[in-house]
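Please examine the model shown below before reading the report. The sections that follow treat selected parts of two chains in turn.

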Amino acid sequence: MAQKPKVDPHVGRLGYLQALVTEFQETESQDAKEQVLANLANFAYDPNNYQYLRQLQVLDLFLDSLSEENETLVEFAIGGLCNLCPDRANREHILQTGGIPLIINCLSSPNEETVLSAVTTIMYLSSPGSGSHPELTAMPVVQCMLRFSLSANTRLRNLAQIFLEDFCSPSQVAEARTWRAHSALGIPLPRTEAPQQP
Amino acid sequence: MASSGGELGGVFDHHVQRAVCDTRAKYREGRRPRAVKVYTINLESRYLLIQGVPAVGAMKELVERFALYGAIEQYNPLDEYPAEDFTEVYLIKFMNLQSARTAKRKMDEQSFFGGLLHVCYAPEFETVEETRKKLQERKAYIARTAKNKDHYMTKKKLVTELKDTKDFRQDFHSGTSGFCATTQNTSTGNLDPCLPYSCELPLCYFSSKCACSSGQHMDRASNFSQDGRNHAETVEHCMYNDSLQKIQMKPFKNSLACPGAQKAIPSSEAVDRFMPRTTQLQERKRRREDDRKIGTFLETSTSSNEVMIGPLLPDIPKVDMHDDSLNTTANLIRNKLQEVISSVPKPPEDKLEDVHTSRPLKQRRRI
């Protein structure tokens, strides 16, 4: 969870977050970047911080960091997004700024936590029943979730199952099942398990 | 990032305690040394895995210690889980997530019967339904907190506006663009209380323009809206919002001004009717005494000559106590209360009346 900062009391929460963002932008050290991003992502867990985070455009910072090469940064960034996306204002921002493709990309990550956070973020961004954003329940995504739902990894399996049951229509799932055999689009499973063969 | 098996009870990466980070910059060092880790709702769970429990048959004490943080639904030792020599591993399931989070935070790295406990979450033990419920609760919690915050902020803003209405109006006119931009940013219409902060802070993630706060907000607003038209609409929307707030403020202001108004109006009435002031005071006193004698109080009696401005104080509900003496007492108390309330604008008269009946009434000079 978020740490208690040793900071001048008069600087306050906003000042501290500002300092974190500044350090992230300016530092050359990968370690420092990871630490700061993790700190911000943990702050994103508490709804009381959301107005500050929006003001400092931390949401955009998270979305940008999804394209980083450093896998740890991606893991922390998608974790931060997963923490704050259930909030309606944050959700709108992510949808409007074209965050969906970036998040769907995370489904292909070899990092287990990244994939889990991505699946959860997609669920929070969709409303129950297929409807709000068609990209979130597009064929590749549903196929990917189908594969996840057969995974040996319990957490992934559970999340994928919830996605298929609550956020896809039965016809979409059925279609994805028939397509799976032919589709050239494969989203590989995370490295933590052997690939599933149909 | 391999885990040694997807089976339940296997070792997972998230069970492993990571090394504490020792390269943190001073300003962001916490009170306790911690590892670099992000906790999401996926990782947190009602299930806690406790490692490093000395094998001294202390399961009962362990559970009791954890039960301090919340009700426990079930617990069991995990015999097949790899553990160091002479230590055991337990799984504890709490009734709710918040208890589990508190327990984890407090009990991790605590000593127990000579050993150091390592506590972590074990979400892999959840069923599909439990996971689903967990995600839904998180969403509901955020929605609730956001709604309360909006409510609180709007109330707070109204109160602060009331206190310095003049200042606010000036600030509003000078900081209109900033105000509007933040209203647009937070689509829930949340009034941004951080406006004073933004004046001091020059840097923001995307702003390449110079460090003027209102300019900054304008820039972000234009990033948001595709065309200038949207921005103009937002400005109108802001003005409308604010004028609504001003209207809401009026009755509030008036109720505060009520005592003053009550003072002022009778004197003007006196001037209009050419009645000497003493008569007014004596008349009111007489009326109050009449009411006391009758033993009932009607609000309209004292206010028939006075114009009540602002919200009326709520009428004290009369309850029949089914006992004569109790009823009399209640009535006496009620009347006294009403008397005190009605005599608030004119305290000196009552006081003098009660204490010094022999001395003639001092006439208060009224403007």
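## Two helices of chain A

At what angle do helix H5 and helix H8 of chain A pack? In this predicted model, helix H5 (residues 71-84) and helix H8 (residues 112-125) of chain A pack at an angle of about 25°, and their axes lie 9 Å apart. Helix H5(A) is therefore roughly parallel to H8(A), since angles under 35 degrees count as roughly parallel. The crossing of these helices, H5(A) and H8(A), is left-handed.

On the side of H5(A), the contact is formed by A:Val74, A:Glu75, A:Ile78, A:Gly79, A:Leu81 and A:Cys82. On the side of H8(A), it is formed by A:Glu113, A:Thr114, A:Ser117, A:Ala118, A:Thr120, A:Thr121 and A:Tyr124. Sorted by class, the contact of H5(A) with H8(A) comprises 6 nonpolar, 5 polar and 2 charged residues.

The crossing of H4(A) and H5(A) is left-handed.

In this contact, A:Leu59, A:Phe62, A:Leu63 and A:Ser65 of H4(A) meet A:Leu73, A:Val74, A:Ala77, A:Gly80, A:Leu81 and A:Leu84 of H5(A). The residues of the contact of H4(A) with H5(A) fall into 8 nonpolar, 2 polar and no charged.

## An exposed residue of chain A

Residue A:Asn105 belongs to helix H7 (residues 100-105) of chain A. Is A:Asn105 buried or exposed? Its relative accessible area is 54%, so A:Asn105 is exposed, the cut-off for that term being over 50%. From C-alpha to C-alpha, A:Asn105 and A:Ala118 are 8.6 Å apart in space, while 13 residues apart in sequence. A:Ala118 is among the residues of H8(A) that make the contact with H5(A).

## The sheet of chain B

Chain B has 12 helices and 6 strands. Of its 367 residues, 39% are buried. Among contacts in chain B with a separation of 6 or more, 64% are between residues 24 or more positions apart.

An open sheet of 4 strands in chain B has the order S2-S3-S1-S6, with antiparallel pairing. Strands S2 (72-77) and S6 (118-121) of chain B stand at the edges; each has a single partner strand, so one side of each is left without a neighbour in the sheet. On average, neighbouring strands of this sheet are turned by 20° against each other, direction ignored.

## Strand S3(B) and the helices on the sheet

Strand S3 (residues 87-94) of chain B runs antiparallel to S2(B), and 5 bridges join the two. The bridge partner of B:Pro77 in S3(B) is B:Tyr90. Helix H1 (residues 59-67) of chain B packs on the sheet and touches strand S1 (47-54), S2, S3 and S6 of chain B. The direction of H1(B) makes about 150° with that of S2(B). Helix H2 (residues 97-107) of chain B also packs on the sheet, touching S1, S3 and S6 of chain B, and its direction makes about 150° with that of S6(B).

Strands S1(B) and S3(B) pair in the antiparallel sense over 6 bridges, and B:Tyr47 stands opposite B:Lys93 in S3(B). Strand S3(B) is mostly covered, for 6 of its 8 residues are buried.

Definitions and conventions
Residues numbered from 1 in each chain as written. Chains lettered and ligands numbered in written order. Predicted model: local features only at pLDDT ≥ 70, side-chain atom pairs only at ≥ 80, totals over all residues. Heavy atoms only, no water. Axes fitted to C-alpha atoms, helices over the stretch in contact; angles between N-to-C directions. Parallel < 35°, antiparallel > 145°, perpendicular 65-115°, else oblique. Left-handed = near helix turned anticlockwise from the far one by under 90°. Contact = heavy atoms within 4.5 Å. Nonpolar A, V, L, I, M, F, W, Y, C, P; charged D, E, K, R; others polar. Pairing = 2+ DSSP bridges. Buried < 20%, exposed > 50% of the residue type's maximum accessible area, 1.4 Å probe, protein only.
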